[in-house]
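Student: Could we walk through this fold together, one question at a time? I'd like to see how each answer is reached.

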Amino acid sequence: MKVLMFGWEFPPHISGGLGTACFSMTEALVKQGTDILFVIPNRQKDEKDNGTKILGANEVKINLQTSITKEFHKHVSFIEVNSRLVPYIGVEDYYNIVNRSFSEKEQIVENSFRCFDFQGGYKENLMDEVEKYAITAETIARENDFDVIHAHDWLTYKAGIVAKKVSGKPLVVHVHATEFDRSGQVVNPTVFNIEKEGMAMADKIITVSNYTKKIVVEKYLQDASKVITVHNGIDENTKPVERIPNAWNKKIVTFLGRVTFQKGPDYFIEAAEKVLKKDKNIIFVLAGSGDMLNRMIALVGKKRISKNFFFTGFLKGKQVEEMFQRSDVYVMPSVSEPFGISPLEAMREGVPTIISKQSGVSEVVSYAIKVDFWDVDAMADAIYALTHYPAMSDMIKKNASLELKKINWDKAAKEIINVYNYALTSK
């Protein structure tokens, strides 16, 4: 089976769990005979090789005459191009897109080709890049042979819709997170509408948990029969679990993730304060970056616990592995977590974990302590217990290691292939 897959990041250039999940997922799909063309906005040619063919939207030459004039109405008329797009395609081209017509003076020369520039990532021009990515998808869909389209998260849904309209092939959208996870109840209406349109246009929807499926059905009004849960997996650890001693000779409790509302870093700090009132010989580490970082640094200062608190900034790859190897407890206090791969990564490194009940990963693990994200007393009690009662910590680590053997990407890949087949037969 040939799959045209639209993603937004791919290792080593990642900003969170999405890129990591896409890498392991595609690797498992390739092992099972799936031929994947994985499109990212900005290919830098140092992407990790797992058998997946990587194509950068920045490498695709767009026929402006075709894409912007003759075919734009038919296939990509839903794309809203705003004024922030001007610096990236030129004022003249932008004028033509907005007005959908050309004067003789403004007519672009036939067979005029151009590659769009993409920065990739999640910068201030993100919405512009989403629009350009969708325009590029038209050419990609015309020039490649595939059986099914697979679009990851809202950033690629418009591209997936364009590819479907151009090719007539079924579209599968993969919901790794929703705007309700990222922003709570005060959602960005533009993002919400893109998500809703992508789900409505999809032949099948994959959610990473039943927790997320419930949101898709209730908040986005999708038919439950169209939505299929496929839990993420974790790559097996092929080497012995290692520990890295720390200079303080103290227990280390770690938060690792984006420092945003969704991830609940403030609840982690509240729990840390309660633990430190009982035992000041514990180090707390908040690893990550995000829009709440400065506020969290200020909160630690306000609570006068900075001597026991460290901020590492964003970690990736080997740095993440080494952070877990230094940790005695891992905490994921997310307010709303569609899945959450980081607890599985911690468990793989032999670190007992505390996870939010409001997470998808809680559906697949039993040997982790589960607390409500807002219950900082329960969170603090769990941290204290795991740092003071070795028998409890050892029991959780031993059983978690066995449990991980059942949570793998090969299983997830088989389920995803089944979704492809359902989408093909429903066309």
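Student: Over how many bridges do strand β7 and strand β8 pair?
Tutor: Strands here are DSSP E runs of at least two residues, helices are H or I runs of at least four, and both are numbered from the N terminus. Two strands pair if DSSP finds at least two bridges between them. Strand β7 (residues 171-175) and strand β8 (residues 204-207) run in the parallel sense, and their pairing covers 4 bridges.

Student: Before we go on, what kind of model is this?
Tutor: Residues are numbered from 1 along each chain as its sequence is written, and side-chain values use heavy atoms, leaving out hydrogens and water. Local features need pLDDT of at least 70 and side-chain atom pairs count only at pLDDT 80 or more, while totals for chains, interfaces and linings use all residues, as this model is predicted.

Student: Back to the strands: which residue in β8 is the bridge partner of valine 173?
Tutor: Look across from valine 173 into β8. The residue you meet there as its bridge partner is isoleucine 205.

Student: Which strands does helix α9 lie across?
Tutor: Helix α9 covers residues 189-201 and runs at about 140° to β7. Such angles are taken between N-to-C directions from 0 to 180 degrees, with axes fitted to C-alpha atoms, for helices over the stretch in contact; contact means heavy atoms within 4.5 Å. The strands that α9 lies across are β7 and β8.

Student: And α17, what angle does its direction make with that of β8?
Tutor: α17 packs on the sheet, where it touches β1 (2-6), β6 (148-152), β7, β8 and β9. Against the direction of β8, the angle is about 165°.

Student: Which strands stand at the edges of this sheet?
Tutor: The open sheet has 7 strands with parallel pairing, in the order β3-β2-β1-β6-β7-β8-β9. Each edge strand has a single partner, so one of its sides is left without a neighbour in the sheet; these strands are β3 (53-56) and β9 (227-229).

Student: Is serine 336 buried or exposed?
Tutor: Serine 336 is found in the loop between β13 (329-332) and α14 (342-348). Buried means under 20% relative accessible area, exposed over 50%, and partly exposed in between (1.4 Å probe, protein chains only). With 8% relative accessibility, serine 336 counts as buried.

Student: With which side chain does the side chain of serine 336 make a polar contact?
Tutor: A polar contact is a pair of N or O atoms within 3.5 Å; within protein, one must be able to donate a hydrogen and the other to accept it, and residues adjacent in sequence count only if both atoms are side-chain atoms. Leaving aside neighbours within four places in sequence, serine 336 is in contact with Asp181, Tyr211, Gln262 and Gln358. The polar contact, at 2.8 Å, is with the side chain of tyrosine 211.

Student: How many of the 18 residues of α6 are buried?
Tutor: Helix α6 spans residues 126-143 and reaches 26 Å from its first C-alpha to its last. This helix is largely enclosed by the rest of the structure, because its number of buried residues is 15.

Student: Which peptide bond is cis, with omega near 10°?
Tutor: Most peptide bonds are trans. Look in the loop between β1 and α1 (17-31), where proline 12 lies. The cis bond runs from proline 11 to proline 12.

Student: What is the phi of aspartate 153?
Tutor: Most residues other than glycine have a negative phi. Aspartate 153 sits in the loop between β6 and α7 (157-167), and it is buried at 8% relative accessible area. Although it is not a glycine, its phi is positive, at about 65°.

Key. Expected span 1.5 Å × (residues − 1).
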